[in-house]
Amino acid sequence: MTDTSIYHRHPPGLWSLYSKALLPKTKPSGDELRIPGLSTRLIGVSTANDNLKRYRKVCGFDTQANVPITWPHILAFPLHLKLLTEKDFPLPLLGLVHLRNNITQHRAIGTGETLDITARLDGQNNTSRGLEFDLVTEAWSAGRLVWEETSTNLFRQPDKSKKASGDKPPELPHYPETTDISAAESIGRQYAGVSGDRNPIHLHALTAKAFGFPRAIAHGMWSKARVLALLEQQSGWRPDAISVSCQFKKPLFLPGTPQLNWQVGQDGWVYQLLNASGNAPHLSGQIHWES
């Protein structure tokens, strides 16, 4: 690591970080692009704060003694924003694309438990679509790793060495279990209020149009959380040691009525969030429990 910033009990303030996100950056290209080894740490944060109850409601989680599996991501969001707005981070924050999110919870985390959270930039990879890099987050309790997450982001760059592929996308699977989800026009603003993620593409149709979208789109991590809130109500769900992978596909425009489609298996569950017609995926993933 080339630099580490440390916070005690309270994360960095979001509004000052938002202002930094608007500052212009000179974007290097090609081999010049290097993601620095920045990291940050939040020591002694409680899993219970004023937003937890609202978060459960916005995402549809039942009230339990343990926090939702996606809640540490919310606690870590100010750390993520801190890293992505650092002067040494070479990419503009607005325009980054969230490709994948993988969470492993080694045990259930209690409401009111105290955590130490670390976040770092890692995993630079040049692909045909552009530069991918990872945000790696870990949550520790009493010196033991209890939760970890890898979020993979994309900075789009044209691949001049290859022609566009004409291959057809793989055939969409269909699983036996299905239920509808309602995503209100306001869900982006509601989720922004509890998560701190106020990217304009999620808030209003007008602000989304400024970035090329016809309407506002749902946060990917709201969609993942909403899916998990429904799946954990199904027979066979276990809330303890679990890993949940997620690949984000097509945007979910708001308002929308996507379909949650899933299958329960002995080796784990598979799921996908489809559009209202059931012929295109917004996201897909797998769920595994540690033996």
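Okay, so let's start with strand β10, which has both faces covered: G268, V270, Q272 and L274 on one side, and W269, Y271 and L273 on the other, are all buried. Buried here means under 20% relative accessible area, with exposed over 50% and partly exposed in between, using a 1.4 Å probe on protein chains only. Strands are DSSP runs of E, at least two residues, numbered from the N terminus.

Quick housekeeping: this is a predicted model, where local features need pLDDT of at least 70, side-chain atom pairs count only at pLDDT 80 or more, and totals for chains, interfaces and linings use all residues. Residues are numbered from 1 along each chain as its sequence is written, and side-chain values use heavy atoms, leaving out hydrogens and water.

Back to β10, residues 268-274: seven of its seven residues are buried, so the rest of the structure largely encloses the strand. And the two-sided listing? In a regular strand, side chains alternate between the two faces of the sheet.

Now the neighbours. Strands count as paired if DSSP finds at least two bridges between them. β9, residues 259-265, runs antiparallel to β10 with seven bridges, and a two-residue hairpin connects them. L260 has L273 as its bridge partner in β10. Over at β11, residues 281-289, the pairing with β10 is antiparallel too, through six bridges, with V270 opposite Q286. That hairpin has six residues between the strands, and G278 takes a positive phi near 75°.

The sulfur of C59 has its closest cysteine sulfur in C246, 13 Å away, so a bond is out of reach. C59 is buried at 0%, and C246 is buried at 0% as well.

Key
A disulfide is a pair of cysteine sulfur atoms within 2.5 Å. Helices (H or I, at least four residues) and strands (E, at least two) are DSSP runs, numbered from the N terminus.
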